[in-house]
Amino acid sequence: MAKVMVEKFVGGQREARFSFPASFLGLASALLPQSALNALGNKGIDVPGMLLAGKLGVPYTASVNVVEKGISKRVVVSVV
């Protein structure tokens, strides 16, 4: 079964990491408003693409740079 791995990096060092079953993406896709899915897509996080990657068993990775509490961070989302 595919998993979604989310990692947060600060200054190149991993600060946090968690994973969950990729099947939860279907639930998120159904519950999130289309505007939220579009906003994620505009940032490079393609939820439908992640769902498809999980179903096909192919890798998917995207990263987003964010500022949290004034600190620049990179979030990497992967389907593994």
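Me: What does the backbone oxygen of G44 lie 3.3 Å from?
Reply: The backbone oxygen of G44 lies 3.3 Å from a polar atom of the side chain of Y60. A polar contact here is a pair of N or O atoms within 3.5 Å; within protein, one must be able to donate a hydrogen and the other to accept it, and residues adjacent in sequence count only if both atoms are side-chain atoms.

Me: Before we go on, what kind of model is it, and how are the residues numbered?
Reply: This is a predicted model, in which local features need pLDDT of at least 70 and side-chain atom pairs count only at pLDDT 80 or more, while totals for chains, interfaces and linings use all residues. Residues are numbered from 1 along each chain as its sequence is written, and side-chain values use heavy atoms, with hydrogens and water left out.

Me: Back to Y60. Where does Y60 lie, and is Y60 buried or exposed?
Reply: Y60 lies in strand β3, residues 60–68. Y60 counts as buried because its relative accessibility is 14%; buried means under 20% relative accessible area, exposed over 50%, and partly exposed in between (1.4 Å probe, protein chains only).

Me: Which residues does Y60 touch, not counting those up to four places away in sequence?
Reply: With that exclusion, Y60 touches G44, I45, D46, G49, M50, A53, V77, S78 and V79, where contact means heavy atoms within 4.5 Å. As for G49, its C-alpha atom is separated by 8.0 Å from that of Y60, the two residues being 11 apart along the chain.

Me: Overall fold, then. How many helices and strands are there, and what pattern do they follow?
Reply: The protein chain has 3 helices and 4 strands, and along the sequence they follow β-β-α-α-α-β-β. Helices (H or I, at least four residues) and strands (E, at least two) are DSSP runs, numbered from the N terminus.

Me: Why does the radius of gyration agree with a compact globule?
Reply: The values agree because a compact globule of 80 residues would have a radius of gyration near 12 Å, and the protein chain has 13 Å. The radius is taken over C-alpha atoms, and the globule rule is 2.2 Å times the number of residues to the power 0.38. Along its principal axes, the C-alpha trace spans about 35 × 25 × 15 Å.

Me: What share of the residues is buried?
Reply: Buried residues account for 29% of the 80 residues. Of the contacts between residues at least 6 apart in sequence, 37% join residues at least 24 apart.
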